[in-house]
Amino acid sequence: MKRSLLPLGGIALVLLLWEVAGRRLGDALLAPPSAVIVQFVPQLFDGSVLPVLADSLRQMLIGFGLAYAFGVPAGVLMARSRTFDALAHPWLSMGIVTSIAALVPLFILMFGTGFSFRVSIVFFAAVWFVALTVYQGARGIDPRWLEVGRAFEAGPLQSFWKIMLPALCPYLIIAARIGVLHAIRAMVVAETFVVVGYGALIHNSGLSVSTAPLLGLLLVLMALGALATWILRRASSWIAPWYQERASA
Amino acid sequence: MVWEAIARRLPHIVLPPPSIVLVRLAQDLLSGKLVVALLGSLEALVLGLALTIVIGVPLGFALGRNRTLAEMFDPVLNALYAIPPVAFVPFLVIWFGLHLPARIALVFLMSVFEVTVAVSVGAREVNPRLIDVGRSFGARGFELTRKVVFPAALPFVFAGVRIGLVRAINGTITAELFFAAINLGAIMNEDATRFDTAGLLTVIVLLALLGLAAQAAFARLEARIVPWHLRPAA
Amino acid sequence: MIAGGPKLEVRNLSKNFRRSKGEPICAIDDLSLEVADLEFLAIIGPSGCGKSTFLRIVDGLIPPDAGAIYVNGMAVTGPGQGRGMVFQSFDLFPWRSAIKNVEFGLELRGVPAPERRQAARDYIALVGLQGFEDSYPHELSGGMQQRVGLARALAIKPEVLLMDEPFGSLDVQTRDLLQDQLLHIWERDKKTAIFVTHSIEEAIYLADRILVFSARPARIELSVTVPFSRPRNEEMKTSPEFLEIRRTIWNVLKKDALAEEHLESSS
């Protein structure tokens, strides 16, 4: 009973410290939570934030959807085919370490600053992580399970549906979770750099006298990330209840 | 190959083929232009990463070994981790300006969570039987931490710092583009205004190679320092 | 120390384990026993009977709920103080070479480096691992790892040597070899020992006296004094006396095992 209160205590403690620090430093340096509520909440609902956020999210989701649709088969293919793995793995390793921010100036030259630019940045940020996670999951499929399938005379299609797919399920969801986080990050990077959408709100709020709106926008992003993670974790325990993730990371 | 084939058909401004990029990379490295910029970038990278290690490793150990602390602060940490680091940029400008301190701060922000989380997982998962052995032979308190918990978690510390290193390299170039453009970021800005896609790609490839090289070098260091650790096949 | 008194005495020991739900489990209930100086005592019992818990309490790794442990007539609390433990799954430190593992206990006692290095070398030689001093545990076989584990426990010159199913995770051949080696070492340099096992043959072959524990909560069901002289040898394992003791112990254990089966299937 007492243990379950600890997370709330931790959050309360951090909020309290923030409030105290904010009051001492002043709104210009660090607006306290109370100021964020007073100044940001009305702004959140006056129509200047939520529609912009929805529009940004729509483009982010398109980029992420493409990355997922492309990354999942690529990951499976890499895990199942040695040749394809040898061809694609160096690019995967490069893609994982490449900084999204460094891609932004290049993509602006290639795609301009509109819809296709934002979608392709998000795509490039998420696709590697989706592919890598699915790859690791597909590599982890115990060949003995497939042998059991063959022993029971499962055809290739049957063994895909009955063995591969269920075994991959948890990884498909982890891939979505990691992919979405990278997609949100990429969205912010791209939009802040070219000052459009939600990124523009963040950029412009940095110019205002109070840090309250800026902190409010950050809290919205935080809530968004937490919400996405939460939904996908729930989905995981619903679709693949037998799979226990070891670490919370 | 696919890149080369497609790129040869497109105008070079849109996508230059890899052959041109590689030649350009060699040229700019030999002329010293990229080398000077790279050395300049190292300052924020090294300082930011050092800050991450100094703060992230002990914090990770504290969260990993103390259940109460972990339950109190894991949600806070996860929440902060969910915020894209670049969203902090306007905030960092207010606090640290546009130059070195701001860049160090962004490098730190982009790498500290990875290190903290990896170390806390490692410290949490130390085999309790090894701790029993330590206690059985009379180790207690700090000595138990130093002689048993720390070496047992060391492979995780390395894994965390390896990821943190790559994130820190990303943080460095991000900072050079988002604050006052400098070093590699300045080169990219110039290239962009001249519509020089080959130049941009050169820097991107250089950074990616740097990231891979840093990872590989670190993995070798790891094999030297923690030779007992048989890494599971990645 | 009172002359002739027991080396190790356990008085009225009790231990319960709390569970998140339901009644606490009573692992040990009011257990008392004595081990004479230089006696080799084996403890055997059905799995999950609390014999490992008992040994961990004697080592001081977990505190008892009631009762006390006396070494040389003096109460001991917490680990260290004259007891050395050999663990079931070897549990060597993977980051230390064989010799550094053996040095571990000496290091904690503040023995200077050259001295402890020499001592560790001697114990490595005693368990027959010369030439493997600088090997890491993952480079050694299970049997070799447990010999290092034994050397590590012996190196601190414990008054009482505790062994928790030390050969339980080894294959049968390795197990037989290590039993002989343990006997050899122990018969040359005798010290008070408690050996927990689930193998009846192992207990009879090694020990001077065997205590048979009951299923939870652990009580002493039977005490058998092993009549064989030392040094022991392989032939004893086929003697009628050996088989007779084996049958006696099995009859007691079987009853508990059957009761346990019954309990499992009815719940």
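**View 1. Chain B meets chain A in this predicted model.** Let's start where two chains come together: 41 residues from chain B and 41 residues from chain A take part in the contact. On the chain B side, the elements that each give two or more residues are α4 (67-82), α5 (89-96), α6 (100-124), α8, α9 (183-193) and α10. Sorted by class, this side of chain B has 34 nonpolar, 5 polar and 2 charged residues.

**View 2. Helix α4 of chain A crosses helix α10 of chain B.** Two packed helices are described by the angle between their axes and the distance between the axes. Here, the axes of α4(A) (residues 82-97) and α10(B) (residues 197-225) come within 9 Å and cross at roughly 100 degrees. The two helices, α4(A) and α10(B), are therefore roughly perpendicular to each other. Look for Ser93(A), Met94(A) and Val97(A) on α4(A), and for Ala208(B), Gly211(B) and Leu212(B) on α10(B), which make the contact. By class, this contact has 4 nonpolar, 2 polar and no charged residues.

**View 3. Chain B also touches chain C.** In this view, 15 residues of chain B are in contact with 17 residues of chain C. Helices α7 (128-136) and α8 (141-178) of chain B each supply at least two residues of the side that touches chain C. Which of the elements gives the most to this side of chain B? That is α7(B), with 6 residues. The side of chain B that touches chain C has 9 nonpolar, 2 polar and 4 charged residues.

**View 4. The largest nonpolar core has 210 residues.** Val122(A), Ala126(A) and Ile194(C) are the residues with the most contacts inside this core. Helix α8 of chain A (residues 156-194) gives the most to the core, with 19 residues. In chain C, domain 1 (1-82 + 160-235) and domain 2 (94-157) both give residues to the core, so it lies between them. Now zoom in on Val122(A): leaving aside neighbours within four places in sequence, Val122(A) is in contact with Met60(A), Gly63(A), Phe64(A), Ala183(A), Ala186(A) and Met187(A).

**View 5. Val72(A) sits in helix α3 of chain A.** This helix covers residues 50-80. Is Val72(A) buried or exposed? Val72(A) counts as buried, because it has 24 C-beta neighbours inside 10 Å, and 20 or more are needed. Not counting residues up to four places away in sequence, Val72(A) touches Val130(A), Val134(A), Leu172(A) and Ala175(A). As for Thr98(A), it lies 26 residues from Val72(A) in sequence and 20 Å from Val72(A) in space, C-alpha to C-alpha.

Notes: Residues are numbered from 1 along each chain as its sequence is written. Chains are lettered from A and ligands numbered from 1 in the order in which they are written. This is a predicted model: local features need pLDDT of at least 70, side-chain atom pairs count only at pLDDT 80 or more; totals for chains, interfaces and linings use all residues. Two residues are in contact if their C-beta atoms, placed from the backbone, lie within 7 Å. Helices (H or I, at least four residues) and strands (E, at least two) are DSSP runs, numbered from the N terminus. Ala, Val, Leu, Ile, Met, Phe, Trp, Tyr, Cys and Pro count as nonpolar, Asp, Glu, Lys and Arg as charged, and the others, Gly among them, as polar. Axes are lines fitted to C-alpha atoms, for helices over the stretch in contact, and angles run from 0 to 180 degrees between N-to-C directions. Angles under 35 degrees count as roughly parallel, over 145 as roughly antiparallel, 65 to 115 as roughly perpendicular and the rest as oblique. A nonpolar core is a set of buried Ala, Val, Leu, Ile, Met, Phe, Trp, Tyr and Cys residues joined through C-beta atoms within 7 Å. A residue is buried if 20 or more other C-beta atoms lie within 10 Å of its own, exposed if 12 or fewer, and partly exposed in between; C-beta atoms are placed from the backbone. Domain bounds come from an automatic or database domain assignment.
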